[in-house]
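Please consult the sequence and the structure shown below.

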Amino acid sequence: MKEVNPKETTRAYAFEMWMQAPMPMLTFFKTLNVTRLVKISRRKGLKFNMLMCWCIGRAASSIKEFYMLPVGGKLIQYDTIAVNTIVANREGEVSSCDIPFSDDLQQFNTDYLRLTRQVAQSCQNHDITDSMVIGTSALAQYEIDGAVGMYSGIFNNPFMIWGSYKKHLLKTTLTVSFQFHHTQMDGAHASQFLNTLQKEITTLKP
């Protein structure tokens, strides 16, 4: 990771326009067809949330805007991406767990299981500070139509939230919300990411 001059990047205008905005976050909603993920999860014994996180990492890794993030008034460029998940710990509370993204699904699954188990037992967050982290929160036991994340002014990371998936006659769907900082990306980049996420889900080969 390194600091870059915003004027020397494609985010120059966005940095000037949105870096000091009182509310620079945008939230998009999209209903995804997750039929394939549900089938793979059941057939292969893989966690649905893990598969979602991997597909999110895959989709994000193909879009260059995800590798830059405004941090402390500066624009930081990263070499790698991680995906965060919220873990229920042994004390009945929640902890945060960053998982390094790997293009290898088996490796990502191994890291996911190891790190989430570690965080659940220790009740200590696992933070990766040298990767651009995409936050996620899965409220899998609840039916929600969407959620708008809170902008703290401290963390500018992109963030995704979803509830339980919904079964229909011929497919299963999941509504997600995607919050992002306008300095990091524009609406077109966010839309491209969500479209790519759907493609990753549809074409996933475990």
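Is the crossing of H3 and H5 left-handed or right-handed? In this predicted model, the crossing of H3 and H5 is right-handed. The contact between these helices involves Met52, Cys55, Ile56, Arg58, Ala59 and Ala60 from H3, which meet Phe193, Thr196, Leu197, Glu200 and Ile201 from H5. By class, the residues of this contact comprise eight nonpolar, one polar and two charged.

| Helix pair | Axis angle | Axis distance |
|---|---|---|
| H3 (residues 48-61) and H5 (residues 187-203) | about 130 degrees | 8 Å |
| H3 and H4 (residues 105-122) | roughly 125 degrees | within 10 Å |

The crossing of H3 and H4 is right-handed. Here Asn49, Met50, Leu51, Cys53 and Trp54 of H3 meet Leu105, Phe108, Asn109 and Tyr112 of H4. This contact of H3 with H4 contains seven nonpolar and two polar residues, and no charged ones.

The largest nonpolar core has 49 residues, of which Val34, Leu37, Met52, Phe66, Met160, Phe178 and Phe193 touch the most other members. H3 supplies the largest share of this core, 10 residues. Leaving aside residues up to four places away in sequence, Val34 touches Phe48, Met52, Tyr165, Thr172, Thr173, Leu174 and Ile201. Another core, of five residues, lies apart from the largest one and includes Val4, Met19, Met68 and Leu75.

Key
Residues numbered from 1 in each chain as written. Predicted model: local features only at pLDDT ≥ 70, side-chain atom pairs only at ≥ 80, totals over all residues. Heavy atoms only, no water. Axes fitted to C-alpha atoms, helices over the stretch in contact; angles between N-to-C directions. Helix = DSSP H or I, 4+ residues; strand = E, 2+ residues; numbered from the N terminus. Left-handed = near helix turned anticlockwise from the far one by under 90°. Contact = heavy atoms within 4.5 Å. Nonpolar A, V, L, I, M, F, W, Y, C, P; charged D, E, K, R; others polar. Core = buried A, V, L, I, M, F, W, Y, C linked by side-chain atoms within 4.5 Å. Buried < 20%, exposed > 50% of the residue type's maximum accessible area, 1.4 Å probe, protein only.
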